[in-house]
Amino acid sequence: MSQRVLLTLGLCCCGFLTVHADELPRIEAGSLGLSTERQTEIDAAVMEGLQKKRMPGCVVLIGSSEGIAFLKAYGDRQVQPNRHPMTTDTVFDLASLTKPIATATSIMQLIEQGKVELDARVVEYLPDFAANGKDKITVRDLLVHQGGLIPDNHLRDYQDGPEEAFRRINALKLSAEPRTKFMYSDVGFLVLGRIVETVSGESLKDYTQRHIFEPLDMMETGYLPAKPLQERAAVTQQRDGKWMQGEVHDPRAYELGGVAGHAGLFSTAADLAKFATAFLDDGKPILSPKTFELMTDAYRVSRGVRGLGWDKKSPYSSNRGATMTDKAFGHGGFTGTAIWIDPGLDLYVIFLSNRVHPNGKGSVNRIAGEIGTIAADGVRSKSP
């Protein structure tokens, strides 16, 4: 291992707690079966990733409904043009974690309130969406990525403002008949975000802040982070010759002003631990247990199993711990983020990186999955 990697790890791995993390209780790592040997395995998985430049740095947090058992920062949150060490309170661009945490959770709240129906056709909320056979698509279809929509339409469709962007989405043709083919679609979650705004009368930014993040005391989570949070954000790539720090990486979300149903959310590991803790408690206080069960149940799709907005076991599950139970649900994000919550083991695993920095060539899903497996094995080792 290089001297630089050893030095960086030595600097960033000491001191688990931050001023923000202590809002959740700290528990002994051994209470989750995270022995010294297993913690060393986690360190080794991350160190290998750093050596192979899979990411410049990351934050790993593992916990249960009782509290945080493991929290470490590794490597750097910026390596170009200057080097800055990763810290446990680093703010990350969550990318597609936006889909389940912000958009799908908002939809489930509106379903619980009777304002949206899971099997209603999207056109009941967005009449202009009906063109070219899309009148058959239901809210459920979009949540499980079986609406038949293209994964992404052209970036130029977003460069004339949000209203024109949605006019062009409304004009799209189907790529497959609804409910016949699993196709992971950013477009589908853009449409779901539009439903939230239309039905609630609030922007997606304001709705999620008021109804999800504030009730969970997630005070460092949201769209369009304020300057103090931007300054703590992990740097991603360059846009127009400027490094993106606290500015959404996804180009379509950027063109939409930084607020979108598929991407745009920023958060910290400690804030996500609050979200995960709520979801280990049947979604309370932001969802009823019945709605939580509906959201996280297993839904067969043409290529695996999904939840409503969540992944469970699909082609996108390489960041899932292999020994997690069938109750586990989670998601990954393009920028190098992942969260998996397993009520069957009373466990959550959060992996946050900026793997796209500096050149977009990092790759962390295998590392996140390996850490999830170590954590799940630790809990299982405690079972009689």
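This is a predicted model: local features need pLDDT of at least 70, side-chain atom pairs count only at pLDDT 80 or more; totals for chains, interfaces and linings use all residues.
Which element gives the most to the lining of the second largest cavity?

1. The element in question is β13, which contributes three residues to the lining of the second largest cavity. This cavity holds about 40 Å³ of space. Two or more of its lining residues come from each of β13 (337-342), β14 (347-353) and α12 (365-381). Among the lining residues are Ala338, Ile339, Trp340, Val349 and Phe351. By class, the lining has seven nonpolar and three polar residues, with no charged ones.

2. The largest cavity has a volume of about 50 Å³. Its lining includes Leu142, His145, Gln146, Lys181 and Met183. Six of the residues in this lining are polar, three are nonpolar and one is charged. The count of cavities of 30 Å³ or more is two.

3. The lining of the largest pocket comprises 14 polar, nine nonpolar and nine charged residues.

4. The second largest pocket has a volume of about 310 Å³. Of its 15 lining residues, Lys53, Pro56, Val79, His357 and Pro358 lie nearest the centre. Here the lining divides into six charged, five nonpolar and four polar residues.

Definitions and conventions. Residues are numbered from 1 along each chain as its sequence is written. Side-chain values use heavy atoms; hydrogens and water are left out. Ala, Val, Leu, Ile, Met, Phe, Trp, Tyr, Cys and Pro count as nonpolar, Asp, Glu, Lys and Arg as charged, and the others, Gly among them, as polar. On a 1 Å grid over the protein atoms alone, a cavity is a set of points where a 1.4 Å probe fits but cannot get out, and a pocket is an open set with protein on both sides within 12 Å along at least five of seven lines; lining residues have an atom within 4 Å of a point. Grid points are joined across faces, edges and corners, and a volume is the space filled by probe spheres set on the points. Helices (H or I, at least four residues) and strands (E, at least two) are DSSP runs, numbered from the N terminus.
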